[in-house]
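Take a look, then follow the sections below.

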Amino acid sequence: MEWESCSVEMIEISASDFCDSVRDGTHDSPKPVEGHGRPLITTKHMKDGRVSIEDAYLISEADFEKVNQRSQVHQWDVLISMIGTLGELVLVKNEPTYAIKNIGLFKTKSKYDGLWLYYYLQSPKAKNYMHTSAQGSTQQYLSLKTLRSFPLLVPDSEPNKRAICEVLKSIDDKIELNQKINQTLGEIAKAIFKSWFVDFDPVRAKVEGCSTGLPPEISNLFPYELVDSDIGKVPKGWDVKIISDLAECVGGATPSTKNPDFWEGGNLAWTSPKDLSAAKSIHLLKTDKKITEAGLKKISSGLLPVGTVLLSSRAPVGYLALTTEPTAINQGYIALKPRCGISNYFLLHWCEFNMDEIKNRASGTTFAEISKAGFRPILAIAPCNDVMDKFHEFSSPLYERALVASKETETLTELRDTLLPRLISGELRIPDAEKILKQASI
């Protein structure tokens with residue numbers, strides 16, 4: 001890696017001088033169109049450094065071009081949320097297909113300018129500037145003037161800037177690779193579940209006299225016939241039960257936060273759905289709060305075992321996770337403890353494929369909530385034991401590998417968050433940072 005000096009001097013410059021320009025997206029509300037339109041994104045489509053256009057509404061080509069006359073986004077630009085949730089960042093790594101509304105746009109001059117700005121805006125100094133510069137009482141916002149005058153620290157030379165960016169980028173690249181691995185592993189398990197327990201592909205193949213595509217020892221586990229049931233055609237010999245027959249469905253509680261005996265010095269994991277909203281893995285690796293033994297006694301469900309499926313039952317309904325340590329839960333969950341012979345991975349994917357039914361059973365005025373009484377009677381397919389065991393056998397190594405990758409990602413994230421402010425400020429020498437990466441096998 002190229003650098004000019006072991007120590008890096010920083011100069012201060014405003015964002016408007018560092019960038020080609022600093023703008024914001026349209027403030028208009030173009031009419032949505034049906035069918036083939038162009039995505040228009042807002043702050044809500046920015047999360048974890050990415051833009052999701054899945055639920056972005058579509059606008060006409062003419063409106064798309066009009067918006068882009070003001071604020072067209074290009075590769076290596078940096079987006080920043082400037083209304084409501086402040087400081088959410090996206091580095092645009094590829095030419096985008098979307099237009100932006102009410103989003104700050106730093107138009108950078110090069111790849112490394114984009115990378116530097118993206119990393120600098122994550123530093124404590126930058127976050128403090130956002131916090132102190134925010135305006136508005138009902139809804140906070142960062143003005144375009146504030147973004148343009150944003151004070152940046154920039155290395156005194158291009159080689160030094162590139163070297164620091166490469167150090168941080170190497171960590172992010174490894175994190176991104178792990179996330180892609182986990183996504184692929186989850187999709188494999190989900191595809192098997194859908195084939196076996198939703199579409200009944202092996203049974204349908206046998207009915208039609210076709211090959212199941214499975215090894216004989218697995219194919220032979222599936223019956224040759226579909227029969228009528230309360231949920232439609234199901235494989236002969238399989239049962240239709242209620243979900244509480246397959247899992248013990250329990251809730252939790254919150255020990256009084258006014259009693260320090262329940263919280264101070266606690267070392268027992270206790271989770272609320274807030275932990276899942278911030279999680280980047282199906283595995284719940286850590287909880288924001290811990291409780292004491294005295295606090296645990298206030299929760300009738302106690303410590304749930306490793307591998308318990310957690311379903312957030314309110315605010316919102318539908319977050320899913322697997323516990324990785326004995327964990328107590330608050331009242332915002334329904335926990336599924338597998339009964340004898342039932343795979344926790346089966347329960348996890350059952351929740352995924354029945355989420356519409358779960359949400360439809362939720363009620364409430366302030367926020368939607370599904371009660372345990374409403375959840376327990378939901379009908380579920382119960383395959384024969386051999387097929388259930390085989391699914392668990394297939395799924396276990398996939399989720400074990402995903403857990404390893406998730407733990408590594410957590411370690412890498414902590415490393416990056418430790419190095420970033422020290423590199424951005426010039427406090428940490430580049431050779432020293434490289435030694436740390438080498439020790440971490442990056």
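## Around histidine 283

Leaving out residues up to four places away in sequence, histidine 283 touches Leu322, Thr324, Tyr399, Ala402, Leu403 and Ser406; contact here means heavy atoms within 4.5 Å. You'll find histidine 283 in strand S17, residues 283–284. Helices (H or I, at least four residues) and strands (E, at least two) are DSSP runs, numbered from the N terminus. Histidine 283 is buried at 7% relative accessibility, where buried means under 20% relative accessible area, exposed over 50%, and partly exposed in between (1.4 Å probe, protein chains only). Between histidine 283 and aspartate 172 there are 20 Å in space, C-alpha to C-alpha, and 111 residues in sequence.

A word on the ground rules: this is a predicted model, with local features needing pLDDT of at least 70 and side-chain atom pairs counting only at pLDDT 80 or more, while totals for chains, interfaces and linings use all residues. Residues are numbered from 1 along each chain as its sequence is written, and side-chain values use heavy atoms, with hydrogens and water left out.

## Rings and charges

Rings of Phe, Tyr and Trp (its six-membered ring) pair if their centres lie within 6.5 Å; planes under 30 degrees apart are stacked, over 60 edge-to-face, and the rest tilted. That gives 18 aromatic pairs. One of them joins tryptophan 263 and tryptophan 270, edge-to-face at 5.1 Å centre to centre with 90° between the planes. Both partners are buried: tryptophan 263 has a relative accessible area of 15%, and tryptophan 270 comes in at 6%. Elsewhere, ring pairs tie together a cluster of Phe193, Trp196, Phe197, Phe200, Phe222, Trp238, Phe346, Phe353, Phe391 and Phe394.

Charges sit over rings too (NZ of Lys or CZ of Arg within 6 Å of the ring centre and within 35 degrees of the ring normal). The charged end of lysine 289 is over the ring of tryptophan 263, 5.8 Å from its centre. Arginine 38 does likewise with phenylalanine 64, at 3.9 Å from the ring centre.

## Nonpolar cores

A nonpolar core is a set of buried Ala, Val, Leu, Ile, Met, Phe, Trp, Tyr and Cys residues joined through side-chain atoms within 4.5 Å. The largest has 49 residues, and those touching the most other members are Phe106, Trp116, Leu121, Phe150 and Leu152. A second, separate core has 46 residues, including Val234, Leu336, Tyr345 and Met355.

Helix H6 (residues 158–198) has 41 residues and spans 56 Å from first C-alpha to last, close to the expected 60 Å; the expected span is 1.5 Å times one less than the number of residues. After H6 comes phenylalanine 200, with a positive phi near 55°.

Most residues other than glycine have a negative phi, and most peptide bonds are trans. Alanine 315 and proline 316 are joined by a cis peptide bond, with omega about -5°. Proline 316 lies in the loop between strand S19 (309–313) and strand S20 (317–323). Alanine 315 also has a positive phi, about 45°, and is exposed at 52% relative accessible area.
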